[in-house]
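Hi,

Here is the structure I promised to pass on to you.

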Amino acid sequence: MAKHSFSANFTGSAQDTAAKAKAAIEKAGGKLNGDHNNGDFSVPTPAGTVKGNYTITGQEFAVVITDKPFIVPGSAIEGQVRKFLAEG
């Protein structure tokens, strides 16, 4: 069962959004495997690794967090993703 799932709208192309997401995750020391349609990711945090997958359909970025540290709230992860997409 997923720990947390959400979706957010973005502007721009799916290709550009996926490329930005990959760059941001890699900058944070994580890995993103996928393309402008779907994929999975893992990002280390001081509390532990956040893992999940994503699907891009139209202008919607849907995320399912499959594993996360207990002390990291899903809403905090969602907030970071929404902030990232709003900067697009």
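**What I found**

The buried residues of α1 pack against β2 (31-34), β3, β4, β5 and α2. Some words need explaining before we go on. Buried means under 20% relative accessible area, exposed means over 50%, and partly exposed is in between, using a 1.4 Å probe and protein chains only. Contact, touching or packing means heavy atoms within 4.5 Å. Helices (H or I, at least four residues) and strands (E, at least two) are DSSP runs, numbered from the N terminus.

Please keep in mind that this is a predicted model, where local features need pLDDT of at least 70 and side-chain atom pairs count only at pLDDT 80 or more, while totals for chains, interfaces and linings use all residues. Residues are numbered from 1 along each chain as its sequence is written, and side-chain values use heavy atoms, with hydrogens and water left out.

Which of its residues are buried? They are A14, T17, A18, A21 and I25. These residues cover an arc of only 95° around the axis, so they sit on the same side of α1. (The arc is that of the directions from the helix axis to the C-beta atoms.) The face turned away from that buried side carries the exposed residues D16 and K27. After α1 comes G29, which has a positive phi, near 90°.

G74, I77, E78, V81, F84 and L85 are its buried residues. They cover an arc of only 125° around the axis, which puts them on the same side of α2. On the other side of α2 you'll find S75, Q80 and A86 exposed. What do the buried residues of α2 pack against? Their partners are β1, α1, β4 and β5.

**The core**

In soluble globular proteins, nonpolar side chains tend to be buried together. A nonpolar core here is a set of buried Ala, Val, Leu, Ile, Met, Phe, Trp, Tyr and Cys residues joined through side-chain atoms within 4.5 Å. The largest one has 21 residues, and F41, Y54, I56, F61, V63 and L85 touch the most other members. The elements giving two or more residues to this core are β1 (4-9), α1 (14-27), β3 (38-45), β4 (48-57), β5 (60-67) and α2 (74-86).

Leaving aside neighbours within four places in sequence, F61 is in contact with F6, S7, A8, F10, T17, Y54, T55, I56, V81 and L85.

- A8 is in strand β1 and is buried, at 4% relative accessible area. Not counting residues up to four places away in sequence, A8 touches Q59, E60, F61, R82 and L85.
- F10 is in the loop between β1 and α1 and is buried, at 5% relative accessible area.

**Buried or exposed?**

T11 is also in the loop between β1 and α1. Is T11 buried or exposed? At 56% relative accessibility, T11 counts as exposed. T11 and L85 are 74 residues apart in sequence, and their C-alpha atoms are 7.8 Å apart in space.

K51, in strand β4, is partly exposed, with a relative accessible area of 40%. Its contacts, not counting residues up to four places away in sequence, are F41, S42, V64, I65, T66 and D67. From F10 to K51 it is 41 residues along the sequence and 21 Å in space, C-alpha to C-alpha.

Enjoy exploring!
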